[in-house]
Amino acid sequence: MNDVKVIGKKIIRLEEVDSTNRYAKDIAPEAPEGTVVVARRQSSGRGRLGRRWESPEGGLWLSVILKPEKPDLRLVFIGGLAVVDTLLDFGLQGGIKWPNDVWVNGKKISGVLTEGKGNDYVLLGIGLNVNNPLPPELSGSATSMMLEIGRAVTLERVLDKLLFHLDVWYTIYRERPDLLMARLRERTFILGRTVRVTEGETTMIGRALDVLDDGSLLLEVGGELKRILYGDVSLRPV
Ligand code: ADP
């Protein structure tokens with residue numbers, strides 16, 4: 001068992017819930033910082049912009065309640081970095097698709113979502129495909145630890161590792177955000193690559209150059225530099 005500091009000191013385990021972020025939001029005002037809500041299944045797991053997140057039994061679906069002094073948009077990166085480190089513990093090489101997904105071998109294995117209420121709290125939601133089945137329509141774009149490793153892995157071990165890495169990255173976020181951003185740049189596999197960015201009806205194609213210190217993406221489009229703020233953008237490597 002790892003020596004858990006803040007994240008995971010308290011773990012609420014649910015059989016089924018509509019969404020762990022929704023449940024966490026209800027208890028967040030009173031819950032101690034670092035409280036984790038983990039469910040075997042989510043009946044209506046959500047991605048960004050209200051998109052559906054498939055979360056049947058066998059995967060890791062959790063939310064962490066964080067109460068940092070100064071929350072900012074970079075908090076979402078601790079999720080991706082912790083997932084990448086967890087995958088490495090199981091021999092898998094993952095990369096961050098800025099801002100909030102983790103991919104392995106060209107497919108999405110994990111999604112991270114932050115939701116907050118002013119400066120009161122931030123909910124960090126993480127979905128990681130472990131042993132769960134994936135619906136046929138996602139078979140071309142999604143993968144799981146089981147598919148990549150070739151056998152099922154113990155969910156509890158994955159949870160234990162993930163909470164450990166989240167705790168480490170949360171400490172680094174608060175004390176040395178420069179180190180967090182440096183590692184994020186190393187782990188962001190789209191840098192140097194051509195990507196398609198869609199925001200509402202608008203689409204642009206450009207080269208992802210860097211992630212700036214505030215967490216935004218620097219994109220070169222037809223010789224011009226653009227700063228992409230996350231929020232409502234969808235991004236795909238092309
Ligand atoms: P984006 O990749 O554009 O950032 P989101 O983070 O909003 O998307 O995640 C939602 C999308 O992820 C869904 O529209 C669907 O295509 C895909 N998806 C849903 N469930 C899963 C899952 N368990 N694993 C991988 N991808 C999923």
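A backbone N or O atom of Arg48 lies 2.8 Å from an oxygen atom of the ligand in this predicted model, a polar contact being a pair of N or O atoms within 3.5 Å (within protein, one must be able to donate a hydrogen and the other to accept it, and residues adjacent in sequence count only if both atoms are side-chain atoms). A polar backbone atom of Glu54 is 2.9 Å from a nitrogen atom of the ligand, and a polar side-chain atom of Lys108 is placed 2.9 Å from a ligand oxygen atom. Of the 580 Å² of accessible area that the ligand has on its own, the protein covers 88% (Shrake-Rupley method, 1.4 Å probe; for residues, only the protein chains shown count as cover). The model is predicted, with local features requiring pLDDT of at least 70 and side-chain atom pairs pLDDT 80 or more, while totals for chains, interfaces and linings use all residues. Residues are numbered from 1 along each chain as its sequence is written, and side-chain values use heavy atoms, with hydrogens and water left out.

The ligand is surrounded by 15 residues, each with a heavy atom within 4 Å of it; Asp101 and Asn129 are among the closest. This shell comprises three nonpolar, four polar and eight charged residues (Ala, Val, Leu, Ile, Met, Phe, Trp, Tyr, Cys and Pro count as nonpolar, Asp, Glu, Lys and Arg as charged, and the others, Gly among them, as polar).

The ligand sits in the largest pocket, as more than half of its atoms lie within 2 Å of the grid points. A pocket is an open set of points on a 1 Å grid over the protein atoms alone, where a 1.4 Å probe fits, with protein on both sides within 12 Å along at least five of seven lines; lining residues have an atom within 4 Å of a point. The volume of the largest pocket is about 670 Å³, taken as the space filled by probe spheres set on the points, which are joined across faces, edges and corners. Its lining has 37 residues, with Gly47, Arg52 and Trp53 among those nearest the centre. By class, 11 are nonpolar, 15 polar and 11 charged.
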